[in-house]
Amino acid sequence: MATQLKNLSDFSDTDIPSAAPYRFGIVVAEWNAEITNALYQGAYQSLVNNGALPDNIFNYSVPGSFELTSGADILLKNLHLDAVICLGCVIQGETRHFDFICNAVANGISNVAIKYSKPVIFGVLTTDNQQQAIDRAGGKHGNKGDEAAITAIKMASLAETLN
Ligand code: DLZ
């Protein structure tokens, strides 16, 4: 059963709808695999912990974060999904690759979300170095894959309520 929109004063960040009714795609970039695998574990576990059925979670990998956009597009075109979680890690290097990839994936994911009117979640770490990535993939700043999954559940619930 979908929850109704609430007054702003009623919101709580612990208020997570059940993920049981929804089908999720997870697209994971292979670049910086140690980090993205940790993000994936966090996201998957968080979906299951909030009621998602393992049979309703569809996991795919793509070579790098740049390909997350087309990965999400392919999943939404071919599978009947309520939300897609994109997981990647882009670490600043000596060239401008970082900026191009980050901008492309952020814009690309937004465009896919609008194209299908489905939540496509930006679970991409964009860090200065490896340590910052480790800190956000199960380290001292938590696991951003986990947060991406919670966002996906909330948005799938919102879409069900209003679409
Ligand atoms: C080429 C590249 C570089 C330099 N750095 C990263 C990175 O830090 N994280 C990431 O996910 N992918 C990186 N890539 C690969 C690109 O995302 C993409 O796979 C290639 O440019 C091929 O389109």
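Two residues are in contact here if their C-beta atoms, placed from the backbone, lie within 7 Å. Keep that in mind for the exercises below, and remember that this is a predicted model.

**Exercise 1. Find out which residues Ile35 touches beyond its sequence neighbours, and whether Ile35 is buried or exposed.**

Step 1: Locate the residue. Ile35 sits in helix α1, which covers residues 33-49.

Step 2: Skip the neighbours within four places in sequence. What's left in contact with Ile35 is Cys89, Leu125, Ala133, Ile134 and Ala137.

Step 3: Count the surroundings. A residue is buried if 20 or more other C-beta atoms lie within 10 Å of its own. Ile35 has 25 such atoms, so Ile35 is buried.

Step 4: Ile35 and Gly88 are 53 residues apart in sequence, yet their C-alpha atoms are 8.1 Å apart in space.

**Exercise 2. Describe the overall layout of the protein: which elements does it have, and in what order?**

Step 1: Tally the elements. There are five helices and six strands.

Step 2: Walk along the sequence. The pattern reads β-α-β-α-β-α-β-α-β-β-α.

Step 3: Taken along the principal axes, the C-alpha atoms fill roughly 50 × 35 × 30 Å.

Step 4: Look at the contacts with a separation of 6 or more. Of these, 78% join residues 24 or more positions apart.

**Exercise 3. Work out which residues have the most contacts inside the largest nonpolar core.**

Step 1: Start with burial in general. Buried residues make up 42% of the 163 residues.

Step 2: Turn to the core. The largest nonpolar core has 44 residues, and those with the most contacts inside it are Val84, Ile85, Cys86 and Leu87.

Step 3: See who contributes. The elements giving two or more residues to this core are β1 (24-29), α1, β2 (57-62), α2 (68-78), β3, α3, β4 (120-127) and α5 (144-162).

Step 4: Zoom in on Ile85. Leaving aside neighbours within four places in sequence, Ile85 is in contact with Phe24, Ile26, Ala43, Ile121, Gly123, Ala148, Ala149 and Ala152.

Step 5: In soluble globular proteins, nonpolar side chains tend to be buried together.

**Exercise 4. Say what surrounds the ligand, and which element gives the most to the shell.**

Step 1: Count the shell. The ligand is surrounded by 15 residues, and the closest are Trp31, Gly64, Ser65, Phe66 and His97.

Step 2: Sort them by kind. Eight are nonpolar, six are polar and one is charged.

Step 3: Trace them to elements. β3 and α3 each supply at least two residues of the shell, and β3 gives the most, with four.

Step 4: Follow up on His97. UniProt lists His97 under "active site", in an unreviewed entry. This residue lies in helix α3, and with 13 C-beta neighbours inside 10 Å, His97 counts as partly exposed.

**Exercise 5. Compare Asn32 and Ser117: which loop holds each, and is each buried or exposed?**

Step 1: Take Asn32. It lies in the loop between β1 and α1, and with 21 other C-beta atoms within 10 Å Asn32 is buried.

Step 2: Take Ser117. It's found in the loop between α3 and β4, and its 9 C-beta neighbours inside 10 Å make Ser117 exposed.

Step 3: Check the backbone. Phi is near 55 degrees for Asn32, a positive value in a residue other than glycine. For Ser117, phi is near 50 degrees, also positive in a residue other than glycine.

Conventions:
Residues are numbered from 1 along each chain as its sequence is written. This is a predicted model: local features need pLDDT of at least 70, side-chain atom pairs count only at pLDDT 80 or more; totals for chains, interfaces and linings use all residues. A residue is buried if 20 or more other C-beta atoms lie within 10 Å of its own, exposed if 12 or fewer, and partly exposed in between; C-beta atoms are placed from the backbone. A residue is near a molecule or strand if its C-beta atom, placed from the backbone, lies within 6 Å of it. Ala, Val, Leu, Ile, Met, Phe, Trp, Tyr, Cys and Pro count as nonpolar, Asp, Glu, Lys and Arg as charged, and the others, Gly among them, as polar. A nonpolar core is a set of buried Ala, Val, Leu, Ile, Met, Phe, Trp, Tyr and Cys residues joined through C-beta atoms within 7 Å. UniProt positions are given in the numbering used here, feature names are shortened, and annotations may be inferred rather than shown by experiment.
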